[in-house]
Amino acid sequence: MSVAISAGPSADQRGGRRRDPEVARLLAHAADGGRITHEEALLLYRRAPFHALGGAADAVRRRRHPHDVATYIIDRNINYTNVCVTACRFCAFYRPPSSPEGWVRDLDDILARCGEAVELGATQIMLQGGHHPGFGIEWYEETFAAIKAAYPQLALHSLGGSEVVHVSKVSGLTFEQVIRRLHAAGLDSFAGAGAEILVQRPRQAIAPLKEPGEVWLQVMEVAHGLGVESTATFMMGTGESDAERIEHLRMIRDVQDRTGGFRSFIPWTYQPENNHLRGRTEASVFAYLRLVAVARLFFDNIAHLQGSWLTVGKEAGQLSLHMGADDLGSVMLEENVVSSAGARHRTNRAELLRLIRTAGRVPAQRDTLYRHLVVHSDPADDPVDEGGKVRSHVSSTASPGSSASPGGVSPSRQSRRLDLAPA
Ligand code: SF4
């Protein structure tokens, strides 16, 4: 159905409004599990009263996940290089190949970080890095195979559509060949990296050298067809319009209708420090929470919705659990990329359990497939974490003072300079 939408104020400006029968009808329809169009999703994003929007999204969440459990995972993001030829304007992490600040982690360093993660209870590793001009398929195969040989218990939920595109160029392979070889070497699933915003106008503005959003989705569709599932992400707040936010959701849902391969949707907010977009629009917490709720109503074909604590803060993360989210992401033993751009929030497992409980949910540690590993029904049985080691940013180049913390690996000791010609 087609709905007329007045321009009106943006979602950031939205507060309570007098009852709107069309909004009320759509909220009831979506809360009952009915499919809404992207025009209707935009109408709700712009016009639905905040509490009614959250209530409808929470109704969907309760039906999908009826045991009032909210999950978290213990994982570590390992950044294998900051050298990148793609130069995204929102990125504070990368260095061009000619930079004296470029580095590559060697395999021993990566394996040491995996070993630390296992000791701290991690079940998943997210390898994430720049588009290094010298890294073809063999580099990834060697790395993944070595990790799987040493730590077969770790799920490799890593890379994204952009890395596949990059490797296909460097190695002269098709997307399918790249994905088959990565999977055979040990990649279990793709993280949603590189999605940012898939709509071409804002994507071109923030990442002009990255593949178009349609190509990113094409890679995901090929991966799903080969049995390699993924998550889908959204970095909101780089100057996109409300309509472009909803269009991003539509593009993902269309692919999901064909493949069913997206396990979850993970929106988060752009961080403005140390990058070329500094000063551009950020998404408010209010707009973020509205987006979480609309995503829960719109994605009738994606099982899980992850709230963020890293970029919007812990209290907003808690609130997301009342706006449709069923998962609060990772303890994040290590994270450098978003933190380089100003994400300052930090947490630990004990605090995540508290956050989930005080939001009225039962915390459960999950694995990459969202299976419950431990349901923390009774606080008296909570894991003992002497010294508070299971915490975010155990080792992080973007977290001043934490890189030398117990169990951490000093970046300066473990990284080496690159001598590369400019790409
Ligand atoms: S976001 Fe990724 S692809 Fe873009 S510049 Fe940063 S490291 Fe490179």
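Which residues are around the ligand? In this predicted model, they are C84, T86, A87, C88, C91, F93, Y94, G130, H131 and S162. Sorted by class, that shell has six nonpolar, four polar and no charged residues.

Now step back to the whole chain. The protein chain has 15 helices and 13 strands. It counts 423 residues, and 54% of them are buried. Take the contacts with a separation of 6 or more: 79% of them join residues 24 or more positions apart.

Start with helix α1, residues 21-31. Its buried residues are V23, L26, L27 and A30. Around the axis they cover an arc of only 100 degrees, which puts them on the same side of α1. An α-helix has 3.6 residues a turn, so residues three or four places apart point the same way. The face of α1 turned away from the buried side carries P21 and R25, both exposed. What lies over the buried residues? The cover of α1 includes α2 (38-47), α3 (50-64) and α11 (285-298). After α1 comes G33, with a positive phi near 100 degrees.

Against what do they pack?

Next, a helix pair. At what angle do α6 and α7 pack? Helix α6 spans residues 161-171 and helix α7 spans residues 175-185. The angle is about 105 degrees, and the axes are 9 Å apart. That makes α6 roughly perpendicular to α7. On the α6 side, the contact uses V164, V167 and S168. On the α7 side, it uses F175, V178 and I179. Five of the contact residues are nonpolar, one is polar and none is charged.

Turn to strand β12, residues 372-375, where V375 lies. Is V375 buried, exposed or partly exposed? It counts as partly exposed, because it has 15 C-beta neighbours inside 10 Å. Leaving aside residues up to four places away in sequence, V375 touches V69, V362 and A364. V69 and V375 are 306 residues apart in sequence, yet their C-alpha atoms are 8.1 Å apart in space.

Last, two backbone points to check. Most residues other than glycine have a negative phi. L159 has a positive one, near 60 degrees. L159 sits in strand β5, residues 155-160. It is buried, with 27 other C-beta atoms within 10 Å; the cut-off for buried is 20 or more.

E196 is another non-glycine residue with a positive phi, near 45 degrees. Where is E196 placed? It is in the loop between β6 (189-193) and α8 (200-206). E196 is buried, because 27 other C-beta atoms lie within 10 Å.

Conventions
Residues are numbered from 1 along each chain as its sequence is written. This is a predicted model: local features need pLDDT of at least 70, side-chain atom pairs count only at pLDDT 80 or more; totals for chains, interfaces and linings use all residues. A residue is buried if 20 or more other C-beta atoms lie within 10 Å of its own, exposed if 12 or fewer, and partly exposed in between; C-beta atoms are placed from the backbone. Helices (H or I, at least four residues) and strands (E, at least two) are DSSP runs, numbered from the N terminus. The arc is that of the directions from the helix axis to the C-beta atoms. Two residues are in contact if their C-beta atoms, placed from the backbone, lie within 7 Å. Axes are lines fitted to C-alpha atoms, for helices over the stretch in contact, and angles run from 0 to 180 degrees between N-to-C directions. Angles under 35 degrees count as roughly parallel, over 145 as roughly antiparallel, 65 to 115 as roughly perpendicular and the rest as oblique. Ala, Val, Leu, Ile, Met, Phe, Trp, Tyr, Cys and Pro count as nonpolar, Asp, Glu, Lys and Arg as charged, and the others, Gly among them, as polar. A residue is near a molecule or strand if its C-beta atom, placed from the backbone, lies within 6 Å of it.
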